[in-house]
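Here is a friendly briefing to read alongside the model. Please have the sequence and the structure open as you go.

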Amino acid sequence: MNFLHNSWYCVGWSLNHGDGPVGIKLLNRELVLFRRSDGTIACIDGICPHRFAPLSRGEVCNDVIQCGYHGLEFDGEGRCVRNPHGSGTIAPNAHLNSYPVVEKSGAIWVWMGGKGAADPAEIPEFDFVHDRKNWAGATGYLKIDANYQLLIDNLLDLTHATYIHANTVGVGTDKWEGETRIDYDFSASGKVINSDYIWRNSPPTPLLREFSERSAGDIHVPMRLYLASSLILNIAMCDRGAPPETGDQMPSAHLLAPETENTTHYFYAIARDDKLDDAEITARMIKLVEQAFVDEDAPMIEDIAEIMDNREFFAMRPLILETDKAAIHARRTLAKLIRNELDNTASPTDGAAQKKVEESA
Amino acid sequence: MNFLHNSWYCVGWSLNHGDGPVGIKLLNRELVLFRRSDGTIACIDGICPHRFAPLSRGEVCNDVIQCGYHGLEFDGEGRCVRNPHGSGTIAPNAHLNSYPVVEKSGAIWVWMGGKGAADPAEIPEFDFVHDRKNWAGATGYLKIDANYQLLIDNLLDLTHATYIHANTVGVGTDKWEGETRIDYDFSASGKVINSDYIWRNSPPTPLLREFSERSAGDIHVPMRLYLASSLILNIAMCDRGAPPETGDQMPSAHLLAPETENTTHYFYAIARDDKLDDAEITARMIKLVEQAFVDEDAPMIEDIAEIMDNREFFAMRPLILETDKAAIHARRTLAKLIRNELDNTASPTDGAAQKKVEESA
Amino acid sequence: MNFLHNSWYCVGWSLNHGDGPVGIKLLNRELVLFRRSDGTIACIDGICPHRFAPLSRGEVCNDVIQCGYHGLEFDGEGRCVRNPHGSGTIAPNAHLNSYPVVEKSGAIWVWMGGKGAADPAEIPEFDFVHDRKNWAGATGYLKIDANYQLLIDNLLDLTHATYIHANTVGVGTDKWEGETRIDYDFSASGKVINSDYIWRNSPPTPLLREFSERSAGDIHVPMRLYLASSLILNIAMCDRGAPPETGDQMPSAHLLAPETENTTHYFYAIARDDKLDDAEITARMIKLVEQAFVDEDAPMIEDIAEIMDNREFFAMRPLILETDKAAIHARRTLAKLIRNELDNTASPTDGAAQKKVEESA
C-alpha cells in the first residue's frame, strides 16, 4: 500500500459534523468519528471486534458508541466499556485503537501514524472556511475513483485549466506572447511544495468574474502542497505588476484523503473577500467549482485511473514535461517518506518531524 | 468451497412453482427445476452441455425441457432425449446430472450430495406454510450478498433483535433486571442445534402486537437449526410462567440456500394461529418482517461480508461472547461435516446418516 | 490474449462518423479516430503519452488532435507536433502509433497488425449500406459482454434461429420432413468460411414478411465469415427451386470487433431490395432486428459468457453436434492464425497474405 501514515488527513468539515457517528475509510482502514459532550471529536477503529459490524451503524450516547448489531459499547479511546450480555465480561481483545483528532481551519484532521509524531502544527492553517466575517464561500465533498496521487498531479500542474476548465476556473488560452505570459516558480522545503503561477496581463477566469470587477490584470495562482495530500491555493487577481495582497482574494482548499489505493475523498472549499453578503454570488461560485471538479476533472482523472489499471506511474514511462516539475518532485518525496516509514528508519525532510517519528518507532 | 453437499436445501416455495423451468444456482452450481405432468418436480444440471446455455431460458413440454438456444431436449433424469439436428445422434456426454427433489412442509428441497444418503426424514417438518386452515401467514424470498454462515450466526444469536429490530421483531431493551430477564438454553444433538431464549415478563414485539392481545408475558423464542442451513423458530407469547403451547403462536422458517461463497438465497415464512381471516394483519406482518430482513438485517450482514472480504471467520480472531455459543458450535460442527465429506471418510453425527454417506461414498 | 492482429476490423459506420474524435478500444488497445480535412480518417493510439488521458476527450483542429488535459497535439500519423508548455521541446517518446484505416462498403476499417500486411482487398465488399438507390435499410451498433468468438459461433450456426428467434428472424419449427427440409452446405477457403442453409418450402420469417409477398418458398441463408470476425449474410426468399438471385433480397452485415477478451463491438446492417421508399417498413425491420439481437441473442450469449467465466471453450469439453461444423472450423482456423502470428512464423492460408506478413515481421 502506497500510503504515508505519519500525516494529518482531513476527514470532514467541522460544520457538517453533528453528534452522530460518522464512518470513513482512510488509508484502507475503517474508522468511526463521533463528537463527545465536551465538544471534542473521537476517532476509533470503525469495526466492532465481535462480529465485524461497522460501528457507524451504531448510536452515540454519553460519549460512548454502541454497536448497532449486538450492543457492545466503546468510549472515545476505543476501550470496550460495556458488554450487555451474559456475565458482562470484557476480554482484553475487546478494545479498539483510537487515533489523534484535531479540529483546525474549519476541518477535522486525523493522524494514523505513530501517536508520538502527531504534531498539529503540521496541519495547514487557513481562516477562509470558518471566518465568515471576512470571507464568503462554501465547502464541498467529492469521492473520486482514482489514486490520490493523480489528484495531486492534477492540482500541482494548473496548466491543465486552460484546456479542461476554459468555462469555469481557467482562462482558456495557451497562446501567451509578449506582455501576456505565464511566470512560474517551483520551490520545495521539507514537506511543503510550491507550484506558483502568475498569469500576466490575463482576463479573469469565469469564476473570478463572479465577484471581481477587473477585466484584466495579473492572476497569482500559488498552489501549495502540504504532504501527504493537503493543498491550499490563494488566488489573487490584481492590477498589472501590483503585489497579490492588493488584489481580489479567492483562496481555496483541496484536502485529499486516500480511502483506498483506487479511491480518494476530496474535501474542497472556496472563498472570496468581496461582496460578502451576496448569497447568489456564493451559489454561482460553488456551482462553477462543482462543474470544474465533478464534470471536468473527475471524469478525466477517473478515465486515467482506469487506463493505468493499478500500474505504477513511473513504470508506465510517462512523457515528462517541464511543467511536471512540481508533481514529479511531490511523487518522489512522497515515495521517499513512505519508504522511510516502512523501513522504520526515520529520515524525513525536517528535523522536528524526524524526532517525532523516532519517538513513535 | 465451504459447502456441505450431503444436506437438503430449500430452493423455493411449492406454491410459487408453476410449470415452467426455474433456474437456481446452489452450492456454486447452476440447476434447473421443472414440474412434470404427474406433479413431481425434476431437478437437473442447469447448463446445456452443447453451448453452455442456461436451460432456465428453455421451455418445458411433455415432461421434457428444451434448450432455448439450439433445441436439445432433456428429461427429468437429465437424459438427453432429442437432438433435432442432422442425423439426431446423441453422444454419451450429452446427458446431465439429476438431483433428488422432495416437496415437504410447503417447500421444495434439493439434495446435491451422494444420492444414497438422501433421506427426506432429515428435512424439517412444519405445517404453518401449507396448512392455511390453521395458520395465516405469508412467504418471502431475499437474496443476500453474504456467506450463508453469517446468516446462521445472525439467527442463532437473537440478542441482536434488541439493537437492530427494536421497531419490528425485537423488544428494544437490554436492561433486564429482577423478574424481567432472559432465560437462555443451548443444546445440540447430531445435526440439530437449539438456541432457545425466553424473554420473561416482556412487552410484545411490534410484530406480535399485530395479533396478540397480551400486553406483557413470557415470549418463548426457540431457534432450531437443522444443519446445514434450515432454521425454524416457533415463537409463542404466553402468560407469565405458562407453558408455550398455551400462548399465541407465531412460527417462522428461515431456509438458507448457499448460492456461492458470497451470496445466499433466503426463503422465509411467517405465520400466526389467531385472527386467521384478517388479511390486513397478514399484510402488516409481512411488511414488518420484510423491514426486519431487508432494511435491518441485510445491510448489516452485507456490510460485514464486505468488511470480511472473503477472509475466514476464525482467522480474523473475533471477540467471542457467551451469547455466541450456539453460532460457534454451528460453525465448528459444519466445518467438521464438510471436512468429513471432503475426506470421504464418513463420520457424521448420527448413525443413520453415516450409513447413507457410506453407501454413497 | 486471443486476438488476431493481422486482420481488418470494422470500427464504425461511415455515415455516423463526423469530424470530432471518436475513441474505441480494439483488441484491448485504446484508439482514437478523427476525420481530416481531405476527408480521410486517421487512427492513432488513444492515450496521451504524457498523463495517459484518453485523446477522445480532446478536440480536432487543422487535422491535428489536441489532448483535452494538457494540450499536447498529435497529427494523424501519431506524431506529437506541439507541446504548448515551457520551451516546447518534443521528446522522441512523445509520438504515438498510427494504424491503417480504410473506408469501404460504408464502414470504417482498422488494421492493427504489421503495416506491410494490410491489404484492403481482404475487406468484405458489399453495397447495401452505402447504395441507397438500390437498397433500403439501416445500420446499428450493440456492445456485447462476451468474447467475440461466442458471437461467431452464434452466427455460423443459424439453427438457433428456430428456437430463439421464432418471432423475429427465424421460422420457429424444427419439424422438417419430406419436401420441407433444410439443405446445408459447409465450405471453407483460406480466411473465408461459408455456412450455407436453404430452408426448403418454408414460410417467410417475420422479418421477411415485412416486405416479401411470398407466403412460402425457399429461403437461402448463406452466412459467410471473413476471418477474423466480419460476417455477411445474403438472405434471399424465392419460389421453390428457383435460384436465389430471382428472389427477394435481404442482405445483412454482422461486423464484430473484439474490444477486450470479454466484450465485443457488434456493428450490424440490414437491407432489402424492394419497396425502397417505404420508411415504415425500414423502421419495423430495424425494430425486429434489434429485438433479435438485443432482446434474444445478447442475453443468451452474455449468460453463456458468464457461465464460461473465462474458461477456454474446448477445455470445457462441449458436446459437439453436426451443426457445429462451421463454428468449430472457424475456431480452429482462428487459433492457428493467432498461433502463427505469435510464433512470428508466417504460414497463413493464402500466398499473398503470407508475403505481407513476412514483410511486416
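This is a predicted model: local features need pLDDT of at least 70, side-chain atom pairs count only at pLDDT 80 or more; totals for chains, interfaces and linings use all residues.

Residues are numbered from 1 along each chain as its sequence is written, and chains are lettered from A and ligands numbered from 1 in the order in which they are written.

**Chain A as a whole**

- Chain A holds 6 helices and 17 strands; these are DSSP runs numbered from the N terminus, with helices being H or I of at least four residues and strands being E of at least two.
- The C-alpha trace of chain A spans about 80 × 50 × 40 Å along its principal axes.
- Of the 361 residues in chain A, 50% are buried. Buried stands for 20 or more other C-beta atoms within 10 Å of the residue's own, exposed for 12 or fewer, and partly exposed for anything in between, with C-beta atoms placed from the backbone.
- Take the contacts in chain A between residues at least 6 apart in sequence: 56% of them join residues at least 24 apart. A contact needs C-beta atoms, placed from the backbone, within 7 Å of each other.

**Two domains in chain A**

- Domain 1 covers 8-121 and domain 2 covers 133-326 in chain A, with bounds that come from an automatic or database domain assignment.
- Between the C-alpha centres of the two domains of chain A there are 33 Å.
- Their contact draws on 10 residues of domain 1 and 8 residues of domain 2 of chain A.
- On the domain 1 side, strand S1 (8-13) and strand S2 (22-26) of chain A are the elements that give two or more residues, and S1(A) gives the most, with 5 residues.
- That side of domain 1 of chain A has 7 nonpolar, 2 polar and 1 charged residues. Here Ala, Val, Leu, Ile, Met, Phe, Trp, Tyr, Cys and Pro count as nonpolar, Asp, Glu, Lys and Arg as charged, and the others, Gly among them, as polar.

**A covered helix and an exposed strand residue**

- Helix H1 (residues 148-156) of chain A is mostly covered, as 9 of its 9 residues are buried; among them are A:Tyr148, A:Asp153 and A:Leu156.
- In chain B, B:Ser187 sits in strand S12 (residues 182-189) and counts as exposed because it has 12 C-beta neighbours inside 10 Å.
- B:Ser187 lies 31 residues from B:Leu156 in sequence, and their C-alpha atoms are 12 Å apart in space.

**How the copies are arranged**

- The superposition is by least squares on the C-alpha atoms of residues with pLDDT of at least 70 in both.
- Chain B can be laid on chain C by a turn of 120° and a shift of 0.0 Å along the axis, with an RMSD of 0.0 Å.
- Where chain A meets chain B, 21 residues of chain A and 18 residues of chain B take part; the chain A side has 9 nonpolar, 9 polar and 3 charged residues.

Notes:
Two residues are in contact if their C-beta atoms, placed from the backbone, lie within 7 Å.
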